[in-house]
Every structure is written in structure tokens, then in C-alpha cells.
Amino acid sequence: MLLSYPYQFRHNQQLEKLSGWLDRLRSTYNWCLRDRIKVGHQEFIQIDYCDLKRRVGITLLTGRLVRGTKLDNPWKTGEGKTKKAGEKHQSPKRSASLMQDANLINLKASRPWYRNIDAAVLQSIPARVNESFNKFFNGGFPKFNGRHDFKSFSYKPGHVKIKGSKIYLPKIGWMRFYNSRSMPDGFDIRTVTVKQKADGWYVSVIIENKTVPDFPIIPDSEIKTITGCDMGLTKLVYLSDGSALNRPGFATNKKTKGLMRVRQQRVSRQQKESKNRSKAQLKVTALHNKIQQKREAYQWWVANKLIKKYDAVAAEDLPIENMRKGCQPIKSNTGRFLPNNQSAKRGLNRSLSDASWDYLTKKLEYLAAKSGKRLDKVNPQYTNKTCSKCSHVDRDSRNGEKFICTNCGHIDDANRQAARNVKTKAIEAYGLTIVKKIRAKMVRVDCSKPVQLNLFEIELCEGLPDNTLPQKGSVACGREPRWHSIVSLGC
């Protein structure tokens with residue numbers, strides 16, 4: 001079992017040392033990235049050759065951008081030769097990450113202030129650069145990190161100790177943290193990540209115990225209740241039972257948008273690279289951090305509420321990144337660009353970012369696995385265009401927030417209609433057998449407690465046609481009724 005526990009450091013003088021580490025590690029990261037890019041450009045070779053079959057001249061560009069570096073000896077041992085005769089030749093050439101790792105000794109010799117940084121932390125920087133190059137086709141070309149981009153570093157397993165509310169970081173010492181929740185016994189400390197945020201420094205501890213099994217998942221035969229979820233912008237989540245959960249709009253409400261606009265204007269008015277500009281930028285960052293914390297707290301509350309109530313939750317597998325893409329430009333015959341409603345799309349993207357459907361789905365998945373329940377993802381295709389009564393699919397059935405089926409005339413809210421279709425899709429896709437519960441009709445009974453009358457008083461009440469006692473509004477039987485007249489008898 002693998003668990004993660006985040007904690008916040010208490011304020012002390014050692015936090016300044018962590019800030020100095022970040023600056024030096026960021027410089028090392030940018031230097032390693034610059035070395036890989038520079039050597040990559042030098043290795044580009046342009047070759048002209050002629051295709052013999054087609055007899056056409058072709059120009060070919062080849063290069064090794066990911067593997068290039070100019071540091072140290074590229075061979076591990078023997079300059080590429082095998083040690084034993086008769087073995088198959090295996091090139092022992094080192095990768096660029098290992099070559100930059102070996103150069104850290106020269107870095108410490110030329111810059112003695114790097115000796116105060118833990119060797120394991122310093123060795124993780126070339127590995128991060130190599131990982132960014134490996135994600136080249138998915139995440140884009142690696143970029144140089146500024147002061148506001150590089151905010152964390154990690155320790156390798158076996159280097160960190162924890163005792164109560166204290167943690168020992170090599171080359172830093174013992175530091176106190178807010179022990180908000182205690183760690184379970186019998187787990188080994190794996191990776192420890194130190195991260196700086198707007199409201200302080202945090203440490204995330206990943207612990208592991210291979211002897212403890214993972215949380216069991218409920219089988220399909222034991223699932224009795226399931227709900228379908230449709231993510232929205234007016235409401236955060238629409239459920240298949242007809243209810244909905246509100247979306248507070250922490251970043252898009254009027255008060256927060258006005259405050260953010262004022263703070264960003266103060267940043268733009270300050271001189272660049274000045275201390276006053278840095279102070280103003282810290283206030284903007286603090287506001288973003290506050291919005292994020294509120295959003296995460298509300299999403300955890302929503303996820304806990306859904307997981308506790310139902311055995312399984314069905315949600316749409318939405319392509320969030322594709323939904324947030326900009327509109328395609330429209331070019332006229334004269335060469336000018338026509339309006340493409342990008343300003344309206346920008347407002348929609350802000351609402352999508354504020355709703356944060358992807359992170360809510362991840363929280364649902366995490367709590368479902370922790371509670372032994374399930375989160376089933378279904379294909380979102382045609383969920384908002386299908387009628388839940390007759391299963392007729394028609395694009396014209398939806399009109400804004402209303403759904404009017406063109407086949408059977410069924411009228412319903414479009415988002416709640418989509419939530420019911422998500423639930424139906426999950427039941428059909430995973431072969432679930434859900435028994436529909438029929439709510440028993442409530443029958444009124446007589447009052448169980450007698451009414452005590454005062455001496456010499458007779459209370460008369462007006463009878464109803466069905467021989468029942470009158471009630472005050474929706475007050476249940478057993479409370480004080482509303483009497484129409486009171487007759488007092490004298491002695």
C-alpha cells in the first residue's frame with residue numbers, strides 16, 4: 001500500500017536556507033537544459049544525397065537533440081570496448097543525464113557554496129531535465145524555469161527521518177511541522193518532497209508497506225445504489241436522482257474578480273525587477289492560493305458526500321484539455337481575420353478552470369478506492385442528446401438548459417437528463433443489476449400521547465370530514481394543535 005501525507009512546516013530560520021537551495025537548484029536545472037540544447041544544435045548535420053531510383057536530389061536533416069551533451073567522457077569503461085572476449089558487443093556509452101550527473105563533482109569544486117546542498121537532491125536535477133526531454137512529444141519542448149516556476153525538490157528513499165512532529169532533512173537538520181494527522185505504523189518512508197507555496201513551506205511524505213494489501217473493491221453483485229453525475233457550470237454536479245450540488249465560483253464571483261483586478265493592476269504599475277513589484281506579486285499569488293484552497297476543500301466535501309451515500313458513482317470521461325482549446329481563426333478572402341467568438345470562449349474557459357472537473361473526478365476516484373467503492377467512467381458521447389424515456393437521439397431535442405424530446409415529447413432539465421443517461425450507460429457497460437427501491441407510502445397514525453387538560457377547561461376543536469385532528473401547517477401529529485375555541489366553566 002502506498003500513501004501520501006502532506007504537512008506544513010513551522011516558521012523558523014531554516015526556511016531561509018531552503019529558499020537559497022531553490023535558487024541554486026534552479027540555476028543548475030537551467031544550466032543542464034542549456035547544455036542539452038546547445039549540444040543538440042551542434043549535432044544537427046545536413047546531408048545532400050541523390051535517390052538512385054527517382055534520380056531526385058533530397059536533403060535530409062538528422063540530429064540527436066535528446067541525447068546530446070559535451071560533458072566528460074561519454075564512455076563508461078574501456079571507451080566502448082567489451083571487457084571479456086567472445087561476448088556480444090554492447091555499447092557502454094553513458095546517457096546525457098549520467099554525464100551531467102558525473103559533472104556535479106566539478107561543479108562543487110568550482111562553486112563551493114554547492115557543497116551545502118545534499119548530493120541526492122543535487123543529483124535529481126539532471127534526472128528532471130532528462131524527464132522533461134522524455135515528455136517532449138506530450139508536454140512540448142522543455143522550458144527554462146524562472147523564480148516562480150521552480151518551487152520544489154525531492155529526497156531519495158532512506159535519507160529522511162521522522163520522529164513525532166519533527167523531520168530530519170540531510171544538510172538542513174531537524175525541522176518542526178504541524179502534525180495534522182499521524183502516520184500509521186509499519187510503513188517505510190519513500191520519497192520526500194519539499195515545496196514552497198504562497199502561505200509557507202510544505203513537505204509531502206510518501207510511505208509504503210508492501211505487506212498491507214490495497215483497499216478491496218466492492219464486486220458488481222454487491223452494488224445496490226449507483227448515481228450518475230453530469231458536470232455543469234450553473235451547478236457543479238447534477239445527479240441522476242434529480243438533485244444538484246452548487247458551484248460557488250471561487251474565482252469567477254464578482255468580489256474575487258474585482259480584488260484580483262486591483263492587485264494585478266498594482267503589479268503592472270510597479271517598475272520591473274523591483275522589490276515593490278515582487279511584494280505586489282506576492283499578494284496576487286496569495287490570492288490565487290486562497291482560491292485554490294477553498295476550491296479543493298469544497299471538492300473534498302462534495303466527493304465525500306457522494307462516496308458515502310452511494311456504492312458506485314458514474315461520471316463522464318471528459319476531454320478537458322480539448323474543451324479548453326481556443327477557437328479556430330476564420331480568414332476571409334481579403335486576407336483579414338473575421339470574428340470567431342474567442343472573447344466568449346475565453347469566459348467559458350475561465351468557468352471551466354474554476355469548476356475544475358478533472359480534479360473533482362480524481363478526488364472521487366481516490367475516495368472510492370479508499371472506501372472500497374467504485375467510480376465508473378463512461379463515454380460522454382450523446383449523453384445530452386438522448387432521451388431517457390424513449391432513448392431517441394436527436395440534436396434538436398436540447399434547447400439550452402431545457403430538453404424536449406422530438407419523438408415522445410418528454411420535457412426535462414437537460415443536465416439532469418444527461419445524468420440519468422450517464423447512469424444508464426454505466427449500468428449497461430459494466431453489467432450491473434440495480435434493484436429499484438420503492439418508497440412505502442406514509443400513513444398517518446393517531447397521537448400516541450394523551451393531551452392533559454387543565455381543571456375546569458373544555459377544549460373544543462372543529463372536526464374535519466375525514467375524522468382527523470387539525471394540524472398547524474406541516475406540523476406532525478403529537479405536537480400542540482391549533483384549537484378553534486376554548487370554553488371556561490365557572491364554579
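**Overall make-up and selected local features**

The secondary structure of this protein comes to 11 helices and 21 strands, where helices (H or I, at least four residues) and strands (E, at least two) are DSSP runs numbered from the N terminus. The model is predicted: local features need pLDDT of at least 70, side-chain atom pairs count only at pLDDT 80 or more, and totals for chains, interfaces and linings use all residues. Residues are numbered from 1 along each chain as its sequence is written, and side-chain values use heavy atoms, with hydrogens and water left out.

Of the 491 residues, 31% count as buried; buried means under 20% relative accessible area, exposed over 50%, and partly exposed in between, with a 1.4 Å probe and protein chains only. Among contacts (heavy atoms within 4.5 Å) between residues at least 6 apart in sequence, 65% join residues at least 24 apart.

Let me turn to a helix pair. Two packed helices are described by the angle between their axes and the distance between the axes. How do the axes of H6 and H7 cross? The axes of H6 (residues 254–269) and H7 (residues 275–309) come within 8 Å and cross at roughly 160 degrees. Axes here are lines fitted to C-alpha atoms, for helices over the stretch in contact, and angles run from 0 to 180 degrees between N-to-C directions. H6 and H7 are therefore roughly antiparallel to each other, the term for angles over 145 degrees. Residues meeting across this pair include Leu-259 and Met-260 in H6, and Val-284 and Leu-287 in H7. The residues of the contact divide into 7 nonpolar, 5 polar and 4 charged; Ala, Val, Leu, Ile, Met, Phe, Trp, Tyr, Cys and Pro count as nonpolar, Asp, Glu, Lys and Arg as charged, and the others, Gly among them, as polar.

Next, the backbone. Most residues other than glycine have a negative phi. Lys-171, however, has a phi near 70 degrees; this residue lies in the loop between strands E6 (166–169) and E7 (173–176) and is partly exposed, at 42% relative accessible area. Ser-356 has a positive phi of about 55 degrees and sits in the loop between helices H9 (342–355) and H10 (357–371). Is Ser-356 buried or exposed? Ser-356 is buried, with a relative accessible area of 11%.

Finally, Asn-415 lies in helix H11 (residues 414–430) and is buried, at 8% relative accessible area. Not counting residues up to four places away in sequence, Asn-415 touches Asp-230, Tyr-238, Arg-398 and Glu-401.

Methods: Angles under 35 degrees count as roughly parallel, over 145 as roughly antiparallel, 65 to 115 as roughly perpendicular and the rest as oblique.
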